[in-house]
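Please read it with the sequence and structure at hand.

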Amino acid sequence: MEHLILRDLDIPNLQDISVYEQHGGYDALRKAVKEMTPDQVTDVVKASGLRGRGGAGFPAGVKWSFLPKGVFPRYLVANADESEPGTFKDRQIMERNPHQFVEGIAIASYAIQCHNAFIYIRGEFPYAAQCLEKALADAEQRGYVGKNVLGSDYSLTITVHRGAGAYICGEETALLESLEGKLGQPRVKPPFPASVGLYNKPTVINNVETLCNVPVIIERGAEWYAKIGTPKSTGPKVFCLSGHVNRPGNYEAPFGSISFRDLIYDFGGGIRGGKKLKAILPAGASGPMLSPLANPAVMDVKLDFEALAPFGSLLGSASVIVLDEDTCVVWAAKKMVRFFEHESCGKCTPCREGTYWMSRVLERIDAGIGTLGDVDLVAGVATQMQGRTLCPLGDFSTSPVLGSVKIFREEYERHIKERGCWARK
Amino acid sequence: MLSQQAKSEIQQLMTKYPDARSAIMPALHLAQREVGWLPDDVIQEIGDLLGLSKTEVNGVATFYTMYARDQPGRHTIMFCADLPCALRGADEMLEHLEHKLGCRASQTSPDGKITLQEAECLGGCNHAPVMLIDGAEHAQDLTSEKIDEIIERLRNT
Amino acid sequence: MLEFLLTSHPLDCPICDKGGECPLQNLTMAYGPGKSRFPVESKFHNEKRVPLGDLIMLDRERCIQCSRCVRLQDEIADDHVLGFQARGRGLEIVSLSDPPFDSKFSGNTIDICPVGALTSRDFRLSARVWEVRDYPSVCAHCSVGCNILIGERDHDIKRIVPRENESVNEIFLCDKGRFVHHFATAPERLTTPLIRRGWKLEVGSWNEALNLVASKFAETRTQHGASALGGLGGDRASNEDLYLFQKLFRQVIGSNNLEHRVGWSATNVGADLVRLYGAGVGTNLGALDKNVTVLVLGADPEEEQPVIRLRLTKSVRWYGANLIVANGRVTKLAKHAKQSLVYKYGAEAYFLLGVIRAIVDEGLENRDFIAARVANFEEFAKSLEPNTVERCAELCHVKPEKIRDAARQIAQSPNLLILSGREAMFAQQNDPAVASGIAALLLITGHVGRANNGLIALYPHNNSMGALDFGLLSEGGLSVREMASGKVRALYAMACDPAAAGEFTKPAFLVVQDLFLTETAKLADVVLPAQSFAEREGTFTNTERRVQLFRAALKPIGESKPDWWIIAEIAKRLGAEWKYGRSSEIMEEIAATAPRYAGMTYAALAENVKMPRPAYGQGNPSDQPTEIAMGELENVSSGKAWRSVAESEPNAKFELVWNEPGQQSPEDSRQYLAVARSLYDRGTLMSQTQIVRPRVPKPWVEINSQDAEQLGIENGARVRVSFDSRVIELTARVDGHVPPDAVLIPSNLDGTAALPLGARVKVEKV
């Protein structure tokens, strides 16, 4: 099947604007600006059922229509702060198919009538930032962005803003704070960014992949698009596969068309060294761990936003990390919690103190100096944190602990009883 | 001290945003590229340009991990040790790297040439393990041979 | 959550200032388990002593990153001076300003800090809170009259904290009120009467001193008549003192030479306007909503009445009050105004006249009110004829459309408060039209006689209002300047220092009654040691006319006596049959004889007891209000305000008085001198508190950048300012706070005492 998002896999040199144009690039923008009103664009995107690809899966068109009427200026911010461990789809898009992203921003900006759009890109992606700058310069030269887009009276400036190393800035209000030149700490919601966002103005924030779907929808129509995927999760999705597989990478497939089994054994070429699968992290470090050992059915469920709920997990941004049979889950949980401890912004107490605390306990257990009570303690701390933090980071940080304790409790206990890690002995 | 050109570039940046304060992060990036790190006087200069106090700029500079408030070596390596990389041998690579450089993470090699930092996910999990050199260049699919090669190159430049 | 907060909180409660009134400690005691699940060796460590400014010490280990202090500074104090740095568990509070923690409200962060992270550098480690006994009192500095608790231990003031009064200061206090109290227990305090023998002032007994004063007063009266005696009663003294002081002069001596305005010479301070149209009882400056328009005229409350600035800001931000700020310069409050108008200094009257004229032109006057209560509207309206809005606009340098806009907002608002400040009062001195303009604006719009309507005059000191109430004004008598220049043969100076405030010629006989050996006291024949507000009880009347009771907290220093006692003793020796045993008896007499103060006895002022301290020290919400230390407190109320004529006499008719604005002085090439005040100055009370010394600014002169360019003056340059016969040298600040053709100098700093506001000055580069 042809790629709709990762089109660079089908077309060489797609980052070159003339190549992109030859393959129908910017036709969707032309169609939107010349033939459609902003509200029509929003309606089409609404009708397509496009849901945000950043993890939460909120319908994009609905988000756009939340902006309060008549309040200007408005801003569009493309969230390219892709920092979830195991996620690397946006980077590939920005480096190799930047124009589709730029076109998506332009169409979305037109739909919400914003004249200043920002791309907040991770500081760790210098090359992707360069690619975007180049793409924007080329697009401006050909009149796709800048003053009077395609000769219309609509003007748009797109600014690339580089982050500087803070996972939390992927959270949309922290991202706005950061873009305003402050410490990237989440705001208390409500008010939501749609009404009080960047510089206290109405703001739409969309993920890179989400925006890349927009040109496709405009070009081929909502009806065509909505047929891809499942009725509730429409369109194609990019799955990031990493960890102990033979062929890690980005794989595009319609929602509800593939299972973990397809992804790992078909796309990913199976587990490295022919080993057995032990566990899957479906949403980077943020989603609770799944394991066929606990419930074999998980391997064959067709993946969409809601598919993993019955298994107590979520698909999120579909960053699938695979762990083989020789991996120690205590060590893996420690790694992930340490990540969250490092990335906690410090604004709210449960996350600031809880990640610090969980990290200390997991270090203890991993080093073989924990006590049997520590397993309940770390799970208890995680439970205390759940639902009590300002933003999802705090909740996410409990996933590696709660997920792994639930499935692999005896492994924790073994660590404590044997005073060390079985996998490293 | 910032060059005149850097200062005018920062002033240019300030006009790109509806609120000049937003230029603080790009200004810090720019200053770090020019000076190599962010000493106190540079923080002060950026504050003066943006109309903010030194401590306000410092607050931002200390929140984000990519800004160096301590003087690093000539090169900086950010090494990812997160789970996806670790599953593909990052811990061993890091040990190798530490051995090779003669310093631990968050330290600078004794010859003062290379600073080693542990980073959080660098978005290259499909080519793990990954490291970022001088905040500009991704080195992917690392092996100990590849690391040795890179270190040699960095030591000589 | 409590457990999370405690994971890295240090276990140093035994040496923590907050211990005993710490919400975290209280909550832990109420709900916490006895044992921690977090091993002590895993605790996160951080810096323990970080000076966050001159007044506040930060303990980073105790901090729980709640950001209350940051938010208080941003959202309530409106000083963006605190912020965070770093992240995660290492998140730290830092001061963003230079000088650090540059806010007049920094002390409030100590109160609201829920742990012992922010502590007072003054009080720090000097006493346990449960050993400190709190006495309800009233701040003795500016005219806001913030309610305070004096924390006493071993006859020393350990600290001052705000006492909640929603009508006056809520739970806030400015740093001057909180920290500047060391004068009360300073070693320089006078402890005995002093009598001049030859060239020297020597220690004498009370009896000797009082006999001498009485006999000299009697002798002067016999030889030169009663009008050869004069009295200067400072407006820091209590109502009881000021009442007896004027009674001594008017009834016992028979002289009308009475004044209080030492150091500030505005002849028209709007006392009559306040009496007639003072803001209605029940006005709450901290809770004015969108139905109230507030016109702040010629005032800088940030420096002069800080807590009023804070409360107005709150009204604007939280309740949407419609604030209009008009002054000759841009003040901090202007930032929050819906409309900030900068008129030309000296043309204040034309600004007011323009607004009045615009209201009449558009027919926005309140006809019903005028018909019922204004006697002469028609003639008044007619007298405005020559002064069109355009003419006024041209003369006061405010655009006509802005004047009209302000006029509409003022006239159409259901409520209007006018806060007129010191600069407006000085303007009235040069131009009586300013006062009549304020009155006319209130009357033609009918904005008097109700809560949230009328005039608040922002006076300089804690009891200026009381001094005015008891007639310490030179009506028919000599002025301050006259009394200070030797026009009287015997002068009685109580709680004021005329020699430090300007030229002073010692009269034949000089009695000074004060806390310190002031410049005037050094010249005196008899010096009488008075008691500070902390050693005695009494009442002050604040700038909103609220009479508030304060209680004694300390034992008297040395042989010092309350002012009222000293006055009464002198009166007795002059033959009066005064029998006052306690200050409450004087207030009973005032309550019985002065109609405004009717019913305001101590008993009445001690009603409606509020909780003695705000709830921030409490942990358990189900607890009863905190008992302070080990005290049973004597009660005090939130005070009572006296009613203006417009309120108390609903049928009274008012006359619109019209004074044609004074002729604009011909264009003078010299600069107009605007005089500001700085909260921290070189005053007698300030100089005793070491900790705030660094906050007293070095004197400067603000010059508009246009003028500065013409004069070739750069920011930071030394300049010479000459006026009258004086020349002072200052550092120039070139900025946009003053309009062209004016310079601004803060008074009461080194070498800037007694500046004549509105004088023309010459500025040159040194």
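Two strands count as paired if DSSP finds at least two bridges between them. On that basis, chain C holds an open sheet of three strands in the order β6-β7-β8, with antiparallel pairing. The model is predicted.

**Sheet in chain C**
- The edge strands are β6 (133-138) and β8 (156-162) of chain C, each of which pairs on one side only.
- From one strand to the next, the twist averages 30°.
- β6(C) and β7 (residues 147-153) of chain C run antiparallel and are joined by six bridges.
- S137(C) has I148(C), in β7(C), as its bridge partner.

**Contact between chains A and B**
- Chain A contributes 46 residues to this contact and chain B contributes 35 residues.
- On the side of chain A that touches chain B, two or more residues come from each of these elements of chain A: the helices α7 (126-141) and α12 (329-343), and the strands β3 (157-162), β5 (236-243), β6 (249-254) and β8 (319-324).
- α12(A) gives the most to that side of chain A, with six residues.
- Sorted by class, the side of chain A that touches chain B has 19 nonpolar, 17 polar and ten charged residues.

**Contact between chains B and C**
- Here chain B provides seven residues and chain C provides ten residues.
- The side of chain B that touches chain C is made up, by class, of five polar residues, one nonpolar residue and one charged residue.

Note on methods: Residues are numbered from 1 along each chain as its sequence is written. Chains are lettered from A and ligands numbered from 1 in the order in which they are written. This is a predicted model: local features need pLDDT of at least 70, side-chain atom pairs count only at pLDDT 80 or more; totals for chains, interfaces and linings use all residues. Two residues are in contact if their C-beta atoms, placed from the backbone, lie within 7 Å. Helices (H or I, at least four residues) and strands (E, at least two) are DSSP runs, numbered from the N terminus. Ala, Val, Leu, Ile, Met, Phe, Trp, Tyr, Cys and Pro count as nonpolar, Asp, Glu, Lys and Arg as charged, and the others, Gly among them, as polar. Axes are lines fitted to C-alpha atoms, for helices over the stretch in contact, and angles run from 0 to 180 degrees between N-to-C directions.
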